[in-house]
Amino acid sequence: GKVPTEWSNMRQIRYLRLNNNSLEGNFDSSFSDWTNLNLFYLNKNDFSGEFPSFLVSGNLPDLATIGLAHNSFSGELPDFQPLLGANIFVIELDLNNFSGPIPPEITQMEKAKILAFGWNNFSGELPQNGWSNLDQLRFLRVRDNNLTGAIPSELPDNPNLKWLWFQNNDFTSADPYALGDLSSDKLLIVD
């Protein structure tokens, strides 16, 4: 089924969790009036089209969770700069068809705990600087993409970061010893 277009009139909606429902279609700018949105969780459906642009409109100051994993979204991600005004805790984009670079603004999302970009077609390099700003980050997954360049060396400096997935990319530095002193409670997976 599809999400009824009438839902775009529900201006006071704060939490939308539609995961695992075999829903399809896309979310266009008609949903931009959801200015109180805190959680947008669509994982495990058949949604398609580009990343929902209303999520990066800058009009969602309470947005904390974006869950689009296990769908058929495609195209390049938009500029994430407008998300910096929100307190983003979770971005889950795994298992889609996204392409292009991963937005460098992710290293400025200081409240982020989960950043999951695996199993897509992302290309280019990961941002090399700013990762130390993410002192609450616990989980970073960029596996199974077309990423190149070096794995950022400042990632392990975060004591809360426990789960790192980098495998099945084209990184030039996949040597875990080049990443600094990894504590024994971190799971690091590289090619």
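Reply: Buried means under 20% relative accessible area, exposed means over 50%, and partly exposed covers what lies in between (1.4 Å probe, protein chains only). This is a predicted model, in which local features need pLDDT of at least 70 and side-chain atom pairs count only at pLDDT 80 or more, whereas totals for chains, interfaces and linings use all residues. Residues are numbered from 1 along each chain as its sequence is written, and side-chain values use heavy atoms, with hydrogens and water left out.

Me: How many strands does the secondary structure of the protein come to?
Reply: Helices (H or I, at least four residues) and strands (E, at least two) are DSSP runs, numbered from the N terminus. On that basis the protein has zero helices, and its strands come to 15.

Me: What share of the residues in the protein is buried?
Reply: The accessible areas come from the Shrake-Rupley method with a 1.4 Å probe, and for residues only the protein chains shown count as cover. The protein exposes about 8800 Å², of which carbon and sulfur atoms supply 44%. Of its 191 residues, the buried share is 47%.

Me: How many residues apart in sequence are the parts that R11 and D33 tie together?
Reply: A salt bridge is a side-chain nitrogen of Lys or Arg within 4 Å of a carboxyl oxygen of Asp or Glu, and a search of the whole structure finds four. One of them joins R11 to D33, with the closest N and O atoms 3.2 Å apart. Since R11 lies in the segment before β1 (15-17) and D33 in the loop between β2 (24-25) and β3 (39-41), the parts that the pair ties together are separated in sequence by 22 residues.

Me: What is the relative accessible area of D62?
Reply: D62 forms a salt bridge with R14, the closest N and O atoms being 3.6 Å apart. This pair links distant parts of the chain, D62 being in the loop between β4 (46-49) and β5 (65-67) and R14 in the segment before β1, 48 residues apart. R14 is partly exposed at 32%, and D62 is also partly exposed, with a relative accessible area of 34%.

Me: Which side chain of opposite charge is nearest to E92?
Reply: E92 belongs to strand β7 (residues 90-92), and its side chain makes a polar contact of 3.3 Å with that of Y41; such a contact is a pair of N or O atoms within 3.5 Å, where within protein one must be able to donate a hydrogen and the other to accept it, and residues adjacent in sequence count only if both atoms are side-chain atoms. Lys and Arg count as positive and Asp and Glu as negative, while His and the chain ends are not counted. E92 is buried yet has no salt bridge, and at 6.6 Å the nearest side chain of opposite charge is R141.

Me: At what angle do the ring planes of F27 and F47 lie?
Reply: Rings of Phe, Tyr and Trp (its six-membered ring) pair if their centres lie within 6.5 Å; planes under 30 degrees apart count as stacked, over 60 as edge-to-face and the rest as tilted. F27 and F47 are both buried. The structure holds 18 aromatic pairs. The rings of F27 and F47 have their centres 5.3 Å apart and form a tilted pair, because their planes lie at 55°.
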